[in-house]
Amino acid sequence: MSGIRPTGFLHLGNYFGALRNYVRMQDEYECYFMVADLHSLTTHPDTKELKGHVHRVLAENIASGLDPDKAALFCQSHVRETSELYLYLNMLAYKGELEKTPTFKDKVRLQPDNVNAGLLTYPVLMAADILLHRAALVPVGKDQEQHLEIARTYANRFNHRYGDVFPEPQAFNFGQALVKVPSLDGAGKMSKSENQNATLYLADSDDLIRKKVMKAKTDSGPTEPNSVKPDYIENIFLLMNLVSEKDVIEKFESDFNNCVIRYGDMKKQLAEDMVKFIAPIREKAESIRTDEKYLKEVMEKGAEKARKSANATMEKVREHMGLVY
């Protein structure tokens with residue numbers, strides 16, 4: 001089980017950190033992937049553009065390879081049981097521990113005039129999303145591992161108080177290191193909302209991709225053979241490793257080690273390889289996004305699967321809590 005908030009545009013980091021694994025998982029596991037529209041309300045209370053954002057995220061998920069016939073691809077607010085479990089888990093969550101969550105502290109710093117209760121209890125809602133399907137595996141990035149730890153805490157608290165209902169969810173990445181895709185300026189990772197000129201979005205045009213890549217930070221090159229790469233150069237090689245052919249990467253590695261690398265040529269090559277990779281996803285997503293009838297069918301089908309799973313869980317929850325009179 002996993003989800004993506006419909007805030008900002010999906011980018012290369014979302015693809016390699018999450019979507020690529022979703023696509024692999026759908027062939028081997030029973031999967032629930034959602035557009036987290038309720039989560040977005042904690043920071044984006046204005047909903048005028050929410051429908052368009054939800055449609056775009058759904059379209060980009062499908063264009064990246066998710067099959068609505070294999071996985072449950074649904075909208076969070078369409079599964080009403082989420083709110084019920086969220087309420088029950090809030091009774092097991094304590095104000096002091098929620099206030100210490102790093103993401104809460106960050107959000108308070110970023111939006112001091114909108115510190116709402118939903119922001120404080122964001123990890124509780126995230127736990128409800130996961131536990132509602134009794135999910136054992138959660139494909140998340142490194143920045144979400146603490147939220148997953150909180151979900152395990154609530155699962156254990158519930159089980160201890162009321163009896164065993166929930167498994168302990170674990171982070172999952174097919175046994176590989178979790179991917180963090182660096183921004184083009186070498187300052188942190190790609191972001192849906194911050195640092196937009198250094199982030200490659202799945203909706204970027206070919207020309208915009210080229211412009212962004214050509215602005216990536218470089219220097220005059222190494223002066224001694226087999227030098228250690230500076231972080232920002234290592235980042236360009238990392239990006240190239242995601243989308244370029246093996247022989248192309250080996251050529252530039254050799255050029256770097258022999259102090260003859262031309263970063264302009266390297267960035268041109270990376271730009272074209274990025275265009276080749278992103279363009280088909282963008283074009284497919286655009287054709288899906290404009291087909292509202294199809295997207296409505298996808299959401300209805302996904303919600304039906306998710307509600308069936310959620311209802312089975314909530315029957316157990318109510319029974320164990322003693323709420324069946």
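**A parallel sheet and a helix pair**

In this predicted model, 3 strands form an open sheet in which the order is S1-S2-S3 and the pairing is parallel. The edges of the sheet are taken by strand S1 (2–4) and strand S3 (72–75), each of which has a single partner strand, so one side of each is left without a neighbour in the sheet. On average, and with direction ignored, neighbouring strands of this sheet are turned by 25° against each other.

Strands of a sheet pair through backbone hydrogen bonds, either parallel or antiparallel. Here S1 and strand S2 (residues 32–35) run parallel and are joined by 3 bridges, and Gly 3 stands opposite Met 34 in S2. Helix H3 (residues 50–63) packs on the sheet, where it touches S1, S2 and S3, and the direction of H3 makes about 170° with that of S3.

Attention can now turn to a pair of helices. Two packed helices are described by the angle between their axes and the distance between the axes. Helix H4 (residues 81–90) packs with helix H14 (residues 292–321) at an angle of about 30°, and their axes are 10 Å apart. Because angles under 35 degrees count as roughly parallel, H4 is roughly parallel to H14. The crossing of H4 and H14 is left-handed.

On the H4 side, the residues that meet H14 are Glu 81, Glu 84, Leu 85 and Tyr 88, while H14 contributes Arg 307, Ala 310, Asn 311, Met 314, Val 317, Arg 318 and Met 321.

Technical notes: Residues are numbered from 1 along each chain as its sequence is written. This is a predicted model: local features need pLDDT of at least 70, side-chain atom pairs count only at pLDDT 80 or more; totals for chains, interfaces and linings use all residues. Side-chain values use heavy atoms; hydrogens and water are left out. Axes are lines fitted to C-alpha atoms, for helices over the stretch in contact, and angles run from 0 to 180 degrees between N-to-C directions. Helices (H or I, at least four residues) and strands (E, at least two) are DSSP runs, numbered from the N terminus. Angles under 35 degrees count as roughly parallel, over 145 as roughly antiparallel, 65 to 115 as roughly perpendicular and the rest as oblique. A crossing is left-handed if the near helix is turned anticlockwise from the far one by less than a right angle, and right-handed if clockwise. Contact means heavy atoms within 4.5 Å. Two strands pair if DSSP finds at least two bridges between them.
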